[in-house]
Amino acid sequence: MARRVAVTGLGVACAIGADIESFWTNLIAGRGAIGQLQSLDTSALKVGIGAEVDAELVRAGLKRLRRRPTDRAVDLGLVAAADALEEAGLIDGAPPYEAQPVAVILGTGAGSAESHTTGHARFHERGVRGLRPSTVPRCMYNSISAGISIHFKLTGINYVVVSACTSATNAIGMACRMVRDGYADTVLCGGADGFFDPFYFGIWNNLGVMSKNPDPARACRPFDADRDGTVFGEGAGMLVVESWERARGRGARIRGEVVGYGESSDASHLTSPSAEGQAVAMRDALASAGARPDELGAVNAHGTATRANDECESESIRAVLGDAVEAAPVSANKSYFGHTLGASGAIEAIAALLSIEYGVLPPNLNLENPDPECRVRLVGAEPEPLERPLVMKNSFGFGGSNGVLVLGPGNRG
Amino acid sequence: MDEDGGAAILARLRDVLRDSAVEEHDWDAVVPETHIESLGFDSLTILDVLYDLEEEFGVALEPKQVVKTHTVGEIVTLLQQNGA
């Protein structure tokens with residue numbers, strides 16, 4: 001029989017907080033943190049705003065782990081992972097750590113982008129002679145999961161899932177299946193991305209999906225009629241998931257449950273989403289959870305604030321929820337900490353789990369003029385109660401990948 | 001390690017070690033007797049140290065020689081022997 005999947009640890013590092021308490025406090029207070037980018041010269045770019053993680057907080061988090069910075073995505077991942085593992089009672093403070101059979105399954109969109117950009121810059125400047133010996137291990141996408149596995153001595157399998165903006169949700173889904181089906185007892189899962197560097201931010205700049213609104217606080221406007229694109233953020237979100245029996249048996253505090261997971265591919269276009277493909281993943285997730293649409297208390301949307309995503313996602317949510325659509329308010333957290341690409345599914349899943357725990361949905365920022373084409377019930381400018389403690393978390397990525405989680409409370413039956 | 005110029009080389013070596021390191025340490029407390037392994041370097045990260053030493057001091061070092069060193073002072077001596 002399939003095992004239930006308990007969430008026993010949470011960790012986050014994003015623009016609105018590098019610890020769970022600050023993250024939730026800012027969410028519920030409606031305090032976003034999108035601003036002018038400080039770590040990157042954007043003078044030649046169309047867009048100069050984003051959601052950066054406070055450099056001092058990252059430095060302090062690494063110092064606590066007795067680590068020096070290596071690559072932004074790895075660093076953010078380590079800081080968030082430490083909190084999740086510590087909350088779950090798997091580590092206690094600084095190294096050295098005891099080896100333990102915990103798997104590490106992480107999503108990332110841009111991987112170790114900083115190391116790639118640094119390596120390329122050195123190569124163009126000095127040729128092969130400019131490449132340090134560690135360039136290979138630093139540039140591996142799995143340097144994020146490997147770095148965390150090695151640092152914390154986690155001996156279960158480690159790998160990364162790369163599916164653009166769906167990466168972390170797919171990673172949590174894989175972890176959920178591993179635990180459900182008995183392939184692992186405990187998995188650290190989530191995602192990390194840090195790509196505010198001239199190359200990676202530059203390519204997004206040229207794709208034209210970013211908001212050109214010069215006012216950072218008002219630029220990211222999911223489901224608003226005046227939205228003109230997404231705003232990027234850096235960050236990491238980590239969850240410790242384990243079998244319900246194991247968590248109970250060792251007296252761990254269960255903060256939530258991964259109740260179901262669904263996935264699909266649009267198989268139609270590299271960057272344009274498909275409502276049909278998204279709906280398949282949502283129905284798959286609900287079936288996996290054994291839940292009806294009218295049992296959902298809310299939907300935590302992918303909600304990128306691009307014209308295409310929000311309209312398409314509204315259509316797919318309506319198609320799946322049917323008559324229940326008015327009873328499941330939609331949250332879009334990217335208005336707070338930007339689109340964190342391959343980390344977004346994890347950071348937003350954490351927001352959804354905290355909403356379930358505290359019974360309240362954070363407001364949607366900048367939703368001043370809801371788009372009439374987005375015919376879903378949106379959370380407004382004030383927090384609102386979560387009526388039923390079951391939340392669907394959507395993530396959709398370039399490449400047509402769709403991943404959907406159904407999340408529940410830690411005290412369900 | 002040769003005292004003449006050794007202190008100056010040690011100061012530059014500390015910076016190289018710090019910039020190549022994964023672990024955080026009190027770099028001011030690194031002395032000639034400090035063991036390289038205690039600073040968290042392994043068979044991979046020591047290769048970055050080798051690379052950075054060649055860049056910093058403009059010398060060519062044999063990887064085998066660097067791997068044989070155990071202490072910071074032995075690296076200083078190696079650098080001096082190679083013309084640093």
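Against which elements of chain A do the buried residues of α1(A) pack? In this predicted model, the buried residues of α1(A) pack against β1, α3, α13 (334–337) and α14 (344–358) of chain A. The residues concerned include A:Ile20, A:Phe23, A:Trp24 and A:Leu27, each of which is buried in α1(A). Viewed down the axis of α1(A), the buried residues fall within an arc of 90 degrees, so they line one face of the helix. After α1(A) comes A:Gly30, for which phi is positive, near 70 degrees.

The domain arrangement of chain A was examined next. Chain A is divided into domain 1 (5–249) and domain 2 (258–408). The C-alpha centres of domain 1 and domain 2 of chain A are 21 Å apart, and the contact draws on 60 residues of domain 1 of chain A and 54 residues of domain 2 of chain A. On the side of domain 1 of chain A that touches domain 2 of chain A, at least two residues are supplied by each of β1 (5–13), α1 (20–28), α7 (167–180), β6 (186–193) and β7 (235–243) of chain A. The largest share of that side, eight residues, comes from α7(A). Classified by residue type, the side of domain 1 of chain A that touches domain 2 of chain A consists of 31 nonpolar, 21 polar and eight charged residues.

The nonpolar interior was then considered. In soluble globular proteins, nonpolar side chains tend to be buried together. The largest nonpolar core in the model contains 134 residues, and those with the most contacts inside it are A:Ile172, A:Ala175, A:Val187, A:Leu188, A:Leu239 and A:Val241. Helix α3 (residues 72–87) of chain A gives the most to this core, contributing ten residues. Because domain 1 (5–249) and domain 2 (258–408) of chain A both give residues to this core, it lies between them. A:Leu188 illustrates the packing: beyond its neighbours within four places in sequence, A:Leu188 is in contact with A:Ala81, A:Ala84, A:Leu85, A:Val102, A:Val104, A:Ile148, A:Leu154, A:Met238 and A:Val240. A second, separate core comprises twelve residues, among them B:Ile36, B:Val49, B:Leu61 and B:Ile75.

One of the contacts of A:Leu188, A:Ile148, is a buried residue of α6(A). Helix α6 (residues 143–152) of chain A is mostly covered, with eight of its ten residues buried. These are A:Ser143, A:Ile144, A:Ser145, A:Gly147, A:Ile148, A:Ser149, A:His151 and A:Phe152. The cover over the buried residues of α6(A) includes α3, β4 (103–107), α5 (135–139), β5 and β6 of chain A. The helix α6(A) is followed by A:Lys153, whose phi is positive, near 60 degrees.

Strands of a sheet pair through backbone hydrogen bonds, either parallel or antiparallel. Ten strands of chain A form an open sheet of mixed pairing, in the order β5-β4-β6-β7-β1-β8-β14-β13-β9-β10. Three bridges join β1(A) to β8(A), and the two run antiparallel; A:Ala6 has A:Glu257 in β8(A) as its bridge partner. Eight bridges join β8(A) to strand β14 (residues 401–408) of chain A, again in an antiparallel arrangement. Among the pairs, A:Tyr261 is bridged to A:Leu405 in β14(A), and A:Ser264 to A:Asn402 in β14(A). Nine of the ten residues of strand β8 (residues 256–265) of chain A are buried, so β8(A) is largely enclosed by the rest of the structure.

Attention finally turned to chain B. Nine residues of chain B are in contact with nine residues of chain A. The side of chain B that touches chain A has five nonpolar, one polar and three charged residues. In chain B, B:Asp26 is found in the loop between α1 (6–20) and α2 (45–57). B:Asp26 is exposed, having 6 other C-beta atoms within 10 Å. From C-alpha to C-alpha, B:Asp26 and B:Leu39 are 9.6 Å apart in space, with a separation of 13 residues in sequence.

How values were computed. Residues are numbered from 1 along each chain as its sequence is written. Chains are lettered from A and ligands numbered from 1 in the order in which they are written. This is a predicted model: local features need pLDDT of at least 70, side-chain atom pairs count only at pLDDT 80 or more; totals for chains, interfaces and linings use all residues. Domain bounds come from an automatic or database domain assignment. Two residues are in contact if their C-beta atoms, placed from the backbone, lie within 7 Å. Helices (H or I, at least four residues) and strands (E, at least two) are DSSP runs, numbered from the N terminus. Ala, Val, Leu, Ile, Met, Phe, Trp, Tyr, Cys and Pro count as nonpolar, Asp, Glu, Lys and Arg as charged, and the others, Gly among them, as polar. A nonpolar core is a set of buried Ala, Val, Leu, Ile, Met, Phe, Trp, Tyr and Cys residues joined through C-beta atoms within 7 Å. A residue is buried if 20 or more other C-beta atoms lie within 10 Å of its own, exposed if 12 or fewer, and partly exposed in between; C-beta atoms are placed from the backbone. The arc is that of the directions from the helix axis to the C-beta atoms. Two strands pair if DSSP finds at least two bridges between them.
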